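Dear colleague,

Please find below the structure that I am handing over to you.

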Amino acid sequence: QVQLVESGGGLVQAGGSLRLSCAASRRTFSTYNMGWFRQAPGKDREFVAALSRSGSSTYYADSVKGRFTISRDNAKNTVYLQMNSLKPEDTAVYYCAAGGRTGIVLTTTRAYDYWGQGTQVTVSS
């Protein structure tokens, strides 16, 4: 069982930056693939970014590529999402997720077993 808690959301103007954090409850955090998803009102939950358990492979949605960066600090049991050049279209509740499966595509929700409660990100025009 892994518990995840997101933080760092808030209200920013377009063009601004935020860094989201996701703290995990286990020291075995390093064995998990990690992902970020988001869900805007009236829309399905969509993939944002993912990082393999090794930390060597990253994946990004086309909509955020070049603006967002996912990283992890295994010593702190924390994964981050650095969000730069934010746009109003980025407004959503952001969720972090952890998954322990092997050989699965990390851009889908099926890859993950544990989910945080989400943190709101609002980008104003």
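Please note that this is a predicted model.

A search of the whole structure finds five salt bridges. In general terms, side chains of opposite charge can pair when their charged atoms come close.

Asp62 and Lys65 form one of these salt bridges, with 3.3 Å between the closest N and O atoms. Asp62 counts as exposed, because its relative accessibility is 68% and the cut-off for exposed is over 50%.

A further salt bridge joins Asp113 to Arg101, where the closest N and O atoms lie 2.9 Å apart. This pair links distant parts of the chain, the two residues being twelve residues apart. Asp113 and Arg101 are each placed in the loop between strand 9 (92-99) and strand 10 (114-115). Asp113 is partly exposed, at a relative accessible area of 37%, and Arg101 is also partly exposed, at 38% relative accessibility.

Arg38, Glu46, Arg67 and Asp90 belong to one network, joined by salt bridges that share partners.

Is Arg38 buried or exposed? Arg38 counts as buried, because its relative accessibility is 5% and buried means under 20%.

With kind regards

Technical notes
Residues numbered from 1 in each chain as written. Predicted model: local features only at pLDDT ≥ 70, side-chain atom pairs only at ≥ 80, totals over all residues. Heavy atoms only, no water. Salt bridge = Lys/Arg side-chain N within 4 Å of Asp/Glu carboxyl O. Buried < 20%, exposed > 50% of the residue type's maximum accessible area, 1.4 Å probe, protein only. Helix = DSSP H or I, 4+ residues; strand = E, 2+ residues; numbered from the N terminus.
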